[in-house]
Amino acid sequence: MSEMQTQLLSREWWVSVFVVGLVIHLLASYLKPQLDRMGGWVSKSWATRNKRLSDDRRVRIAVYLHNETERSAAAFRELRLRILSLWLLAQVIVLALGLLGIYFSLIHGGKPITHPRIWKSGAQVVLLGMIWLIFKAADTNSDAMRMADELAEVRQALMAQQIEEWKAKRIAKPPEAE
């Protein structure tokens with residue numbers, strides 16, 4: 001028999017399996033109430049946060065619905081956020097092209113401007129900056145998308161109001177006698 005099979009059939013193996021199982025069971029029974037309490041707290045705080053965000057959204061939509069200036073300002077903010085996210089992505093592309101250019105020039109016999117260790121740490125800093133710029137662009141774009149959704153909802157509500165007004169005018173107007 002192989003060493004693995006003799007270990008699996010030994011008494012020490014099965015005693016250690018029993019002891020580890022018992023310890024895991026005792027830890028689980030002790031930790032379960034605390035984990036349940038933590039899960040309840042997280043769930044409650046998540047629900048509170050979602051309700052607050054939903055209420056804030058409703059208030060913003062109501063403001064946009066009744067105030068033309070705020071609606072225009074929100075549209076400009078959305079446009080500004082979209083341009084900012086594109087600008088951040090353009091910066092990422094420029095940094096990536098710069099890094100690639102320097103890297104390929106080094107591969108093809110170019111001499112580094114600084115010590116290779118400094119070049120490597122500088123490249124790592126630039127890569128971290130690129131990652132940060134990508135996340136910032138994604139966050140900015142998500143804010144712009146949120147504003148676009150709110151403004152689309154406002155436009156739908158305004159169109160519904162306008163349609164109702166047109167229907168009311170058409171119904172209130174008596175048919176002309178011929």
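Glutamate 150 touches Arg57, Arg60, Ile61 and Tyr64 once residues up to four places away in sequence are set aside, a contact being heavy atoms within 4.5 Å. Glutamate 150 sits in helix H4 and is buried, with a relative accessible area of 0%. Here buried means under 20% relative accessible area, exposed means over 50%, and partly exposed is in between (1.4 Å probe, protein chains only). Helices are DSSP runs (H or I, at least four residues), numbered from the N terminus.

A quick word on where this comes from: the model is predicted, so local features need pLDDT of at least 70 and side-chain atom pairs count only at pLDDT 80 or more, while totals for chains, interfaces and linings use all residues. Residues are numbered from 1 along each chain as its sequence is written, and side-chain values use heavy atoms, with hydrogens and water left out.

Ile61 and Tyr64 turn up again in the largest nonpolar core, a group of 9 residues that also includes Leu65, Ala74, Leu81 and Leu151. A core of this kind is a set of buried Ala, Val, Leu, Ile, Met, Phe, Trp, Tyr and Cys residues joined through side-chain atoms within 4.5 Å. Helices H2 (11-66), H3 (68-107) and H4 (116-172) each put in at least two residues, with H4 giving the largest share, 4 residues. Apart from this core lies another, of 7 residues, among them Leu88, Ala123, Met130 and Ala137.

Leucine 151, leaving aside neighbours within four places in sequence, is in contact with Tyr64, Arg71, Ala74, Ala75 and Glu78. Also in H4 is arginine 155, which counts as partly exposed at 48% relative accessibility. The C-alpha atoms of arginine 155 and leucine 65 are separated by 8.2 Å, although the two residues are 90 apart along the chain.

Now follow H2 itself. With 56 residues, H2 reaches 79 Å from its first C-alpha to its last, close to the expected 82 Å (1.5 Å times one less than the number of residues). H2 bends by about 40° at leucine 31, and proline 33 follows within four residues; the bend is the angle between axes fitted to the seven residues ending there and the seven starting there.

Tryptophan 13 is partly exposed, at 36% relative accessibility.
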